[in-house]
Amino acid sequence: MTQPITYELLHVDKNSGARRGVIHTPHGDIQTPVFMPVGTQGTVKAMTTDELKDMVHAQIILANTYHLFLRPGHKLIKEAGGLHKFMNWDRAILTDSGGFQVFSLGALRKITEEGVEFRSHLDGSKQFISPEVSIEIQEALGSDIMMAFDECCPYPSSYEYTKKSMERTTRWAARCKEAQTTENQGLFGIIQGGFFEDLRRISANDLKQMDFPGYAIGGISVGEPKEEFLKMLRFTTPLMPENKPRYLMGVGTPDYLIEAAISGIDMCDCVLPTRIARHGTAMTSHGKLVVRNATYERDFTPIDDECDCYTCKNYTRAYIRHLLNAKEILGVRLLSIHNLRFLTKLMESVRIEIERDNLLNFRDEFYKKYGYIK
RNA sequence: GGGUAGGUGGUCGAGUGGUUAAUGGCACCAGACUGUAAAUCUGGCGACGAGAGUCUACGUUGGUUCGAAUCCAACCCUGCCCA
C-alpha cells in the first residue's frame with residue numbers, strides 16, 4: 001500500500017541543522033517546521049475553521065481521542081462523515097491517542113498492561129481505553145495522522161517506573177500498529193523514556209524497528225527546567241529517522257519552538273496560545289504581555305506593533321483589556337487569533353531562515369527582543 | 001406627623017460584649033498556565049512600614065464596661081406602612 005503520510009526534505013540549515021520540509025497528507029501538504037493549534041474537542045477553542053485558515057493560516061490542527069470518545073462519541077462523528085466533515089475542516093488533522101490523559105488525569109485513571117481505565121471527568125463513569133480502542137476511535141474520527149496510545153510520565157519519575165512505562169508504551173505501539181485497518185491514515189510512534197538517555201535510545205530503536213511513517217517525542221515539556229528540556233530534546237531528535245516527520249509533542253512557547261526547529265523537529269503542537277489567550281495573556285515579539293493588567297488601561301496601541309494579524313491590525317490593547325475585563329467573548333477570540341497567528345507567523349519566519357541557513361542568527365535576534373526565558 | 005425596619009471596609013452583605021482589621025460574594029490588583037478535567041486556578045485587597053509593628057475604623061455624639069461594630073441615650077440619614 002502507498003503510505004498516506006510522507007516526508008520530503010527540502011533543505012537543511014547548514015549552520016543549525018534545522019530541517020525545512022513538506023509533509024504530504026490526504027488533506028494537503030504541510031510546510032515544516034509547523035506549529036499545530038490544538039482543538040481538543042473538535043474545535044480550536046473560540047475559532048471558526050475559516051478564521052483558522054484565513055487569519056491564523058493553520059495548516060493542520062489537533063483533536064483528542066479521549067475527549068471526542070466521551071462526547072459526542074466517535075460513532076456519532078463517523079456517522080457525520082468523519083471529523084473533517086463534522087467540524088468543517090478540510091485541511092489535515094492529527095489526533096492525539098488519549099495518552100496525554102493518562103498523564104493529565106493522573107488521579108482518575110488506572111493503568112494495566114491491557115490499557116487504561118479512566119473515570120470520566122465529565123460524569124465519573126468508568127471508561128476503558130486500550131491501544132486497540134484508541135485506534136478504533138481514531139479511525140472513526142478519520143484523522144490524517146493518528147498517534148500511538150502511550151503513557152506520558154510525570155516529571156520527575158524514577159528510573160524504574162519510567163523504564164517499565166516506556167517498555168509498555170512500546171508494546172502498546174506494536175498493538176496499535178497491529179490494530180490499524182485503514183490505509184488513508186498514518187500512525188506515528190511516540191518515543192518515551194523520560195529524562196534518561198539510555199531509555200530514550202532504547203525506545204527510539206525499538207519503535208524504529210516497527211517502521212512507523214512518523215515519530216514523536218513524548219514525555220518532555222512536562223514541567224522540567226528548561227535545561228533538562230533542551231538536553232533531552234537535543235539527545236532524542238538525532239535518534240529519529242531522517243526521512244520521516246519528527247514531532248515534538250506539547251511545545252509551546254516561542255523560544256521552545258525555535259529550539260525545537262534547531263534540533264531538527266518538524267512539528268509541534270500546544271494548547272498554550274489558546275489557553276493563555278483565554279486567561280488574558282498575549283505572546284508578542286517583545287515577550288509575553290498580560291493584556292488584563294491595569295498598565296494597559298489607556299494603551300491605545302496594538303498588542304504587538306510587529307504583528308500582521310487581524311487583531312493587531314484592527315484593535316488596541318485598551319479595547320481588548322476592556323473586553324477581557326467585561327468578560328466579553330470577543331476579547332478571548334481576538335487574543336486567540338493573535339496568539340495563534342503569532343506562532344504560525346513565527347514558524348513562517350523559521351522556515352524562511354532555514355532556507356537562508358540563518359536560523360541561529362534569527363534565534364539570537366529573536367531572543368534579544370523577546371527575552372531569553374530560563 | 002405616627003409606626004416600623006435599618007445604617008458595617010470600593011460594593012453587596014455576615015457578625016449582636018473579648019481569640020475582630022472584622023466571614024463570604026462581587027469588583028479591583030497581581031501571578032501561574034506547554035500532546036486542554038482550564039473563558040481556569042492561586043495569591044493580594046484600611047493607612048503607613050522592608051519587617052516587627054504602629055495608627056485609624058462598623059452613621060454622629062456622648063455614656064455603661066477591665067473591654068463595644070455588638071449594650072444604653074440623644075441626634076442625623078434611608079426604606080416600607082399608616083395619616
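Biologist: In this predicted model, which residue meets lysine 53 in a salt bridge?

Modeller: As the coordinates are predicted, the pairing is a computed one, and the side chain of lysine 53 comes to 3.0 Å, N to O, from its partner. Lysine 53 belongs to helix 1 (residues 49-54), whereas the partner sits in the loop between helix 4 (83-87) and strand 6 (92-96), so the pair ties together parts that are 37 residues apart in sequence. The residue that meets lysine 53 is aspartate 90.

Biologist: Is lysine 53 buried or exposed?

Modeller: The cut-off for burial is a relative accessible area under 20%, and lysine 53 has a relative accessibility of 19%.

Biologist: How many salt bridges does a search of the whole structure find, and which residues does the network of salt bridges with shared partners join?

Modeller: The whole structure holds 22 salt bridges. One of them is between the side chains of arginine 356 and glutamate 353, at 3.3 Å from N to O; there arginine 356 is exposed, with a relative accessible area of 56%, and glutamate 353 is buried, with 11%. As for the network, salt bridges that share partners join into one the residues Arg234, Glu259, Arg363 and Asp364.

Biologist: With which residue does lysine 163 form a salt bridge?

Modeller: The closest N and O atoms of the pair are 3.1 Å apart. An α-helix has 3.6 residues a turn, so residues three or four places apart point the same way.

Biologist: What distance does helix 7 reach from its first C-alpha to its last?

Modeller: Helix 7 runs over residues 159-179 and has 21 residues. At 1.5 Å a residue the expected value is 30 Å, and the model comes close to that. The distance reached from the first C-alpha to the last is 30 Å.

Biologist: What covers the buried residues of helix 7?

Modeller: The buried residues of helix 7 include Thr162, Met166, Arg168, Trp172, Arg175 and Cys176. Their cover includes both strands and helices, namely strand 7 (109-111), strand 8 (116-119), helix 6 (131-141), strand 11 (186-191) and helix 8 (197-209).

Biologist: Which residues come nearest to RNA strand B?

Modeller: There are 40 residues around RNA strand B, and they divide into 14 nonpolar, 17 polar and nine charged. Of the atoms of RNA strand B that come within 4 Å of the protein, sugar and phosphate account for 51%. The residues that come nearest are Ser104, Cys152, Met249, Gly250 and Arg278.

Biologist: Which residue has a side-chain N or O atom 2.8 Å from a base oxygen of RNA strand B?

Modeller: Polar side-chain atoms approach several kinds of oxygen on RNA strand B: aspartate 269 lies 3.0 Å from a sugar or linking oxygen, and arginine 321 lies 3.1 Å from a phosphate oxygen. For the base oxygen at 2.8 Å, the residue is histidine 279.

Biologist: Which element gives the largest share of the surface near RNA strand B?

Modeller: The elements that give two or more residues to this surface are strand 5 (60-64), helix 5 (99-104), strand 14 (267-270), helix 11 (272-278) and helix 13 (317-325). The largest share is five residues, and it comes from helix 11.

Biologist: Which backbone oxygen does the side chain of threonine 284 reach at 2.5 Å?

Modeller: Threonine 284 is found in strand 15 (residues 281-284) and is buried, with a relative accessible area of 3%. A polar atom of its side chain lies 2.9 Å from the backbone nitrogen of histidine 286, and, leaving out residues up to four places away in sequence, threonine 284 touches Leu289, Ile303, Asp304, Phe342 and Tyr370. The backbone oxygen reached at 2.5 Å is that of glycine 287.

Biologist: Which residues is proline 302 in contact with, leaving aside neighbours within four places in sequence?

Modeller: Proline 302 lies in the loop between strand 16 (287-290) and helix 12 (310-314), and at 26% relative accessibility it counts as partly exposed. Its C-alpha is 9.4 Å from that of isoleucine 320, which is 18 residues away in sequence. The contacts of proline 302 are Cys312, Tyr315, Thr316 and Arg317.

Definitions and conventions: Residues are numbered from 1 along each chain as its sequence is written. Chains are lettered from A and ligands numbered from 1 in the order in which they are written. This is a predicted model: local features need pLDDT of at least 70, side-chain atom pairs count only at pLDDT 80 or more; totals for chains, interfaces and linings use all residues. Side-chain values use heavy atoms; hydrogens and water are left out. Helices (H or I, at least four residues) and strands (E, at least two) are DSSP runs, numbered from the N terminus. The expected span of a helix is 1.5 Å times one less than its number of residues. Buried means under 20% relative accessible area, exposed over 50%, partly exposed in between (1.4 Å probe, protein chains only). Contact means heavy atoms within 4.5 Å. A residue is near a molecule or strand if one of its heavy atoms lies within 4 Å of it. A polar contact is a pair of N or O atoms within 3.5 Å; within protein, one must be able to donate a hydrogen and the other to accept it, and residues adjacent in sequence count only if both atoms are side-chain atoms. Ala, Val, Leu, Ile, Met, Phe, Trp, Tyr, Cys and Pro count as nonpolar, Asp, Glu, Lys and Arg as charged, and the others, Gly among them, as polar. A salt bridge is a side-chain nitrogen of Lys or Arg within 4 Å of a carboxyl oxygen of Asp or Glu.
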